[in-house]
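Please consult the sequence and the structure shown below while reading.

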Amino acid sequence: MGFRFNSMILSFVLVTLLYPYDQAAAATYNVVNFGAKADGKTNSAKAFLSAWAAACAGSSPATVYAPPGRYLLGNAITFSNCKNHAVTFRIDATVVAPADYGVIGNAANWIEFKDVTGVSVLGGVLDGQGTGLWACKNSGKHCPSGATTLGLTGSNNILISGLTSLNSQMFHIVINGCKNVKLQGVRVSASGNSPNTDGIHVQLSSGVTIVDTKIKTGDDCISIGPGAANLWMENIACGPGHGISIGSLGKDIKEEGVQNVTVTTATFTGTQNGVRIKSWARASNGFARDILFQHIVMVNVQNPIFIDQHYCPNNNNCPDQASGVKISDVTYQDIHGTSATEVAVKFDCSSKNPCSRIKLQDVKLTYKNKVAEASCANADGTTAGSIQPASCL
């Protein structure tokens, strides 16, 4: 009896001592308790910001929670000023943008996490309601440029898991000036004719990992801009869309380069491009090097393997110029499938800075059940294993 009594006292003391910690560890700030309405009509932006502020006030792990329903964030919103480095946004809901694209159409981002550390966003659907703006753009009218659905800016140690982005006005997710960001199980969905709706864009960032992600959109599934380094992309499904693009690079004379990029285990279905590197046809000190594309399946892709160093939209400020971007040490390994055009491999490199140390290994691409073609200009490299179409390097 005495032993049981003493054990009970000891248990009570332990629970009492640990309870404050457990309570802090489990601190959850439900947006509904801060005034959010799950009706899809009431602007809940202030409620989301208030819940965020409460979670950020301490230093112990905290969760901002959006329970099932539809929540309107009726204006551009920035989550910042957070001293807590362990905040989780758990979204069991759909968050919708204003139906009137003009409300946020001139904002850089609809939802932004800026200058934060250790934030996780788990689940949720972000509906940018961008169809009206796409129609405006496709009609040739004067329209706002459109807001990115989710912007990660100047932030470190970020996890985005199980998130779905629908019908973004412009880019779906932009990672800008960040370190150590992981996207896993992300879904992106927009019409194949939606303009400028890149799925995931990475620039001026390092240590970015994108895994187990499916992207259907009207522009690049993943685009990689200047200053991106140490990127890993694995188990990616892309299509419709414009493929995975490094670039466009070299828009500016002074520009940070791209290096150490891996794309492995990816499938491209009906896309405009497969794996592409593109640069402006004008002077620049930019570069792209140490790139690996491996274990890739192409299904009816227009340009499965493509380097384009003559990018010059509307022939403005770059006709008859040569790209200054230096492309080197690019490996294409174990790439198979079908091309929608006769030329399945095209290396259209700069006459001033030819592509160097390009490597093709175990590549087999066909066109209408026949051997496809390869085209090279100003490109140097080597091959290994079986290569179809025959190498032009």
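What share of the contacts in the chain with a separation of 6 or more comes from residues 24 or more positions apart? Such residues account for 75% of those contacts, where a contact means heavy atoms within 4.5 Å.

**Basis of the model**

The model is predicted, so that local features need pLDDT of at least 70 and side-chain atom pairs count only at pLDDT 80 or more, while totals for chains, interfaces and linings use all residues. Residues are numbered from 1 along each chain as its sequence is written, and side-chain values use heavy atoms, with hydrogens and water left out.

**The chain as a whole**

The chain contains 3 helices and 31 strands; these are DSSP runs numbered from the N terminus, with helices (H or I) of at least four residues and strands (E) of at least two. Its C-alpha atoms fill a box of roughly 85 × 60 × 40 Å along the principal axes. Of the 393 residues, 49% are buried. Here buried means under 20% relative accessible area, exposed means over 50%, and partly exposed lies in between, using a 1.4 Å probe and protein chains only.

The accessible surface comes to about 17000 Å², and carbon and sulfur atoms hold 51% of that surface. Areas come from the Shrake-Rupley method with a 1.4 Å probe, and for residues only the protein chains shown count as cover. There are 29 positive and 25 negative side chains, and the centres of the two sets lie 5 Å apart. Lys and Arg count as positive and Asp and Glu as negative, whereas His and the chain ends are not counted. Each charge is placed at NZ of Lys, CZ of Arg, CG of Asp or CD of Glu.

**Parallel strand pairs**

Two strands pair if DSSP finds at least two bridges between them.

| Strands | Bridges | Facing residues |
|---|---|---|
| Strand 20 (residues 229-238) and strand 22 (residues 258-269) | 8 bridges | C238 and F268 |
| Strand 22 and strand 24 (residues 287-301) | 10 bridges | Q259 and R289 |
| Strand 21 and strand 23 | 4 bridges | I246 and I277 |
| Strand 23 and strand 25 (residues 303-311) | 6 bridges | R276 and F306 |

Is strand 23 enclosed or open? Strand 23 is largely enclosed by the rest of the structure, because 8 of its 8 residues are buried.

N285 lies in the loop between strand 23 (273-280) and strand 24. With a relative accessibility of 44%, N285 is partly exposed. Leaving aside residues up to four places away in sequence, N285 touches I253, K254 and E255. N285 and G270 are 15 residues apart in sequence, yet their C-alpha atoms are 34 Å apart in space.

**Backbone features**

Most residues other than glycine have a negative phi, and most peptide bonds are trans. Against this background, the peptide bond from G239 to P240 is cis, with omega near 0°. P240 is found in the loop between strand 20 and strand 21 (244-249). A cis peptide bond also joins G247 and S248, with omega about 15°, and S248 is found in strand 21.

L204 has a positive phi, near 50°. The residue L204 sits in the loop between strand 17 (200-203) and strand 18 (206-216), and is partly exposed at 40% relative accessible area. For H295, phi is near 55°, again a positive value in a residue other than glycine. H295 belongs to strand 24 and is partly exposed, with a relative accessible area of 36%.

**Aromatic rings**

A pair of aromatic rings is described by the distance of the centres and the angle of the planes. Rings of Phe, Tyr and Trp (its six-membered ring) pair if their centres lie within 6.5 Å; planes under 30 degrees apart count as stacked, over 60 as edge-to-face and the rest as tilted. The structure holds 11 aromatic pairs. One of them, formed by Y29 and F34, is tilted, at 6.5 Å centre to centre and 55° between the planes. Y29 is partly exposed at 25% relative accessible area, and F34 is partly exposed at 34%. Elsewhere, ring pairs link W52, F79, F89 and F113 into a cluster.
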